[in-house]
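Q: Could you walk me through reading the features of a protein model? I would like the general idea and then the case at hand.

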Amino acid sequence: MHGRHIIEAVMDDIIKRKPNVDQIKQLVFMGTSAGGFGIDFNCDFMADKFLAANKDIDVRCIADSGDFYPAWVHTEGCDPYQVDEIAHQFWQSEGDESCYDSVDPPGSECLIFSSAYPYIETPFMLVNHYIDRHPDLEGPCTPPHNQDQEFWDNFEQEKYSLALTFLEDRPENAIFLSNCMFHSTSVVEWAWNDMDVPLVNGDGSELLKNIVRNWLTGDGPYQAMDLPLQKNPKCPYI
């Protein structure tokens, strides 16, 4: 796989050719779906590239519908870390550099964002769903969405716990976690403009577009989550 090399080549070209890189105030990397996975595992790598050219840039990352799930919740006899390790070796992919640099010896925890995120230093925003319509985003060891409701109820509750831990570990990070089963919130117009989610540790609710703006400007709350097992009232899907 050449994804990391392509990213590096594009960034090198931008830094070389874009005028006034030294005057950039803020730079936001954002990806959805597969692009969200790319953000998950390249955030610090990309940030370091631009910070080497301009140490004063406020670099941030936003991953929409990426690799964020409670990996400890899985079907019997299936270990998502083992499955990801096999895929990692087959594709010769590269995980998060910050995790690899911090863990001795580097292990499979660097291959799943849920265990790799503590090592990411760049400010980070998660946009995610309790359960995504895309079946691969709950990991490789889950039943079909229409089977084993007890499993999925537990999955939602554990994802809520994971999200709270994410915020406790990095309170400067942002989150928008909705209980509505679809895919890629930021590119769906009604979800961006109309589906509000309750604020964490605050009154009221907020739209994704405002959560993003608040986080980037520092002008308001930037953490919002639905509760597990309670579908968002603005969600149009059963």
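A: Gladly, and let us begin with strand pairing: two strands pair if DSSP finds at least two bridges between them. Helices (H or I, at least four residues) and strands (E, at least two) are themselves DSSP runs, numbered from the N terminus. In β7, Gln 223 is the bridge partner of Ile 175. Before we go on, a word on the source: this is a predicted model, where local features need pLDDT of at least 70 and side-chain atom pairs count only at pLDDT 80 or more, while totals for chains, interfaces and linings use all residues. Residues are numbered from 1 along each chain as its sequence is written, and side-chain values use heavy atoms, with hydrogens and water left out.

Q: In which sense do β4 and β7 pair, and over how many bridges?
A: The two strands pair in the parallel sense, over three bridges. Strand β4 also runs parallel to β3, joined by five bridges. Within that pairing, Asn 128 has Leu 177 of β4 as its bridge partner.

Q: How many residues of β4 are buried?
A: Buried means under 20% relative accessible area, exposed means over 50%, and partly exposed lies in between (1.4 Å probe, protein chains only). Five of the five residues of β4 are buried, so the strand is largely enclosed by the rest of the structure. Ala 174, Phe 176 and Ser 178 point one way, Ile 175 and Leu 177 point the other way, and all are buried.

Q: Which residues lie on the covered face of β1, and which on the uncovered one?
A: Leu 27, Phe 29 and Gly 31 form the covered face of β1, while Gln 26, Val 28, Met 30 and Thr 32 form the uncovered one. Strand β1 runs parallel to β2, with seven bridges joining them. Gln 26 stands opposite Asp 58 in β2.

Q: What is the handedness of the unit made by β1, α2 and β2?
A: To read a crossover, let the strands point away from you: it is right-handed if the path from the first strand over the helix to the second runs clockwise. β1, α2 and β2 make a right-handed β-α-β unit. β3, α6 and β4 make a right-handed β-α-β unit too.

Q: Where is the kink in α2 centred?
A: The bend at a residue is the angle between axes fitted to the seven residues ending there and the seven starting there. In α2, a kink of about 65° is centred on Asn 42. For the span, the expected value is 1.5 Å times one less than the number of residues. The 20 residues of α2 (residues 34–53) should therefore span 28 Å, and the end C-alpha atoms are 27 Å apart, which agrees.

Q: Why is the disulfide of Cys 43 and Cys 61 right-handed?
A: The torsion about its S-S bond is about 100°, so the disulfide is right-handed. Cys 43 lies in helix α2 and Cys 61 in strand β2, so the pair ties together parts that are 18 residues apart in sequence. The S to S distance is 2.1 Å. Cys 43 is buried, at 0% relative accessibility, and Cys 61 is buried, at 0%.

Q: Is the link of Cys 78 and Cys 141 left-handed or right-handed?
A: With -60° about the S-S bond, the link is left-handed. Cys 78, in the loop between β2 and α3 (80–91), and Cys 141, in the loop between β3 and α6 (149–169), are 63 residues apart. The S to S distance of Cys 78 and Cys 141 is 1.9 Å.

Definitions and conventions:
Disulfide = S-S within 2.5 Å.
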